[in-house]
Amino acid sequence: VFPDKKNILQLASLMLQHGIRHVVLSPGSRNAPLIHTFVEHPDFECYTIVDERSAGFFAIGLSLSLKEPVAVCCTSGTALLNYGPAIAEAFYQQVPLLVISADRPAAWIGQQDGQTIPQNGIFDPITRKSVQLPEVTDKQEEWHCNRLINEALLSLALPTKGPVHINVPLSEPLYNFTVGQLPEARCIRPYFSGQKFNIQLFVDQWHATKRRLVVVGQLAPGHSLNNALCRLAAYSDTVIIAEHIGNLDVPAAIGNFDTLLGSVTDDEWAAYAPDLLVTLGGHITSKRLKQLLRKHPAACHWDIRPDATVKDTFQSITGLICAEPADFLNSLSEALAGEDNMSCDSYASLWHKQSEIAETKTGDYLQSLPFSDIAAIRLFMNRLPQNTALHLSNSSPIRNAQLFGLPPRIEVYSNRGTNGIDGVVSTAVGSAATRKKPVFLMIGDLSFFYDINGLWNEYAARGLRILLLNNGGGNMFRLINGPEQSPALEHYIACAHSQSAKERVTAFGLHYLSATDTEELHQALERFCDLSDDTSMVLEVFTQAEINTQVFRHLFETLKER
Ligand SMILES: Cc1ncc(C[n+]2csc(CCOP(=O)(O)OP(=O)(O)O)c2C)c(N)n1
């Protein structure tokens, strides 16, 4: 029987799944539930050594001889410090030593509550990785705990070996031994490219699943994934989705998945969930996609990440493929060549049919819009010249841009790494400074005024075209549900204002254009999208906050109509 501590149960389950069976135990009360668990489970081989300093070196000896990671486990306080010499030796000798320390709950550190020191990360400079587990009380903490343990144990498997520290805070009572068996904790298995990479393993898993979804996050233009993804898209029941920031050139890829998911009922969502999820690249903007994949986790989820870090956005990774995405997908698609084609009731055709329905509904709705951000973006995207760079600001410009297709050969950029509104103008100016491609920036008023100083340099004069959507504040906060419940919305959250950029833009020496309705915008776009000279300019489009909100909300109501 095991203790009722969920962090310990997950740790033990995952250690076994990651192949860590040898544990050197040193005595203590705080770590007694850990000791009990390792001793109780027949698959662990336990050793007992009182002195932690010696125990650490003993474990190094075991690991060197066994050629596998070995764990040490101690109680809180100076017990952990006594592992220091062995941790340093393991770091520089590159020995995979797993250090497990029991700890008091964080609230008691430094409160004269006996045997406490700041243990979390105390050996950071001489460990490959260190994590502190939560004491699990809800689903989110359970996932967090699981992810942290996986991250720590994956670090032991990296090509460069070394010590890894897991700090385990435990509240009293410590001796409730009530759990009959270890849980089947989700295990993230690592697969490293190179000699040991066995593509057949993935081919077999691919064939064992029916509904396959490839989600491509943000990718810098110029990647070499298009061919492999085109081939994968040709195989039955494989759906590829990407937003504009994915910079894909794959005709079969679905871009309107956010409106697609907005066009089906919650009950219908399950049909869109995959059994095999393949993810790569950076951020995804669509909240609906995150909701779908977290609510219906794929049984098998490969994340392809060359730097071997865990980015568990959808909370379901089961395999971490540490390889360049293009290399892996090329090998996979070559090995899969010759699979049969799509049947009409397949998973892929479900997505494609609904994508068309959502596209038609969105298109019809957008035909007859009152003048608004979305209407202005539509006119602009229709005129956007080919072969240019388009920078998209947070937060509604990037989301609204996704409602429309792109002309050929557009490079799309956005500061989605941290979603900041603080450097969007400067980033676009930097991009224009190279003169490689004409640069357009679509930006909201708060983001523009925030980073207006990005125009204070000679490079802003290099043909940059800024479409400034001035809706009198942070309109995103008026669109989403929630902020309207607070009287602070207009003044403090959306920061409503009625300023124009005109004087400031001209003071920086840029040409200024403006539009307040469809006709004016049509006219202004003639000049704005004319690239025959490299005048830098700002086209300020004034829209009404209430109309923007209505247009946005009504779009999603219309999508839901049958
Ligand atoms: C540096 C920074 N501060 C605050 C935020 C929070 N934030 C996200 S979107 C947003 C409002 C953006 O407003 P605007 O640029 O006018 O675009 P709109 O939503 O109106 O289209 C704010 C303040 C952020 N992302 N970055």
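Residues are numbered from 1 along each chain as its sequence is written. Because the model is predicted, local features require pLDDT of at least 70 and side-chain atom pairs pLDDT 80 or more, whereas totals for chains, interfaces and linings use all residues; side-chain values use heavy atoms, without hydrogens and water.

An open sheet is formed by 6 strands in the order β16-β15-β17-β18-β20-β19, with parallel pairing. Helices (H or I, at least four residues) and strands (E, at least two) are DSSP runs numbered from the N terminus, and two strands are paired if DSSP finds at least two bridges between them. At the edges lie β16 (411–414) and β19 (511–515), each of which pairs on one side only. From one strand to the next, the twist averages 20 degrees. Strand β19 is joined to the parallel strand β20 (residues 537–542) by 5 bridges; leucine 513 has leucine 539 of β20 as its bridge partner. Helix α14 (residues 373–383) lies across β15 (389–392), β17 (439–444), β18 (465–470) and β20, and runs at about 160 degrees to β18. Axes are lines fitted to C-alpha atoms, for helices over the stretch in contact (heavy atoms within 4.5 Å), and angles run from 0 to 180 degrees between N-to-C directions.

Histidine 165 is located in strand β7 (residues 164–169). This histidine counts as buried because its relative accessibility is 1%, the class being defined as under 20% relative accessible area (1.4 Å probe, protein chains only). The side chains of histidine 165 and serine 101 are joined by a polar contact of 2.7 Å. A polar contact is a pair of N or O atoms within 3.5 Å; within protein, one must be able to donate a hydrogen and the other to accept it, and residues adjacent in sequence count only if both atoms are side-chain atoms. Beyond its neighbours within four places in sequence, histidine 165 is in contact with residues including Leu80, Val99, Gln119 and Lys129.

The ligand is surrounded by 19 residues, the closest being Ser396, Asn419, Leu446, Ser447 and Asn475; a residue is near if one of its heavy atoms lies within 4 Å. Helices α15 (396–401), α17 (445–450) and α18 (476–479) each supply at least two residues of this shell, and α17 provides the largest share, 4 residues. A backbone N or O atom of isoleucine 421 lies 3.1 Å from a ligand nitrogen atom. Ligand oxygen atoms lie 2.9 Å from a backbone N or O atom of leucine 446 and 3.0 Å from one of methionine 476. The protein buries 77% of the 590 Å² that the ligand exposes when taken alone, with accessible areas from the Shrake-Rupley method with a 1.4 Å probe.

Notes: Buried < 20%, exposed > 50% of the residue type's maximum accessible area, 1.4 Å probe, protein only.
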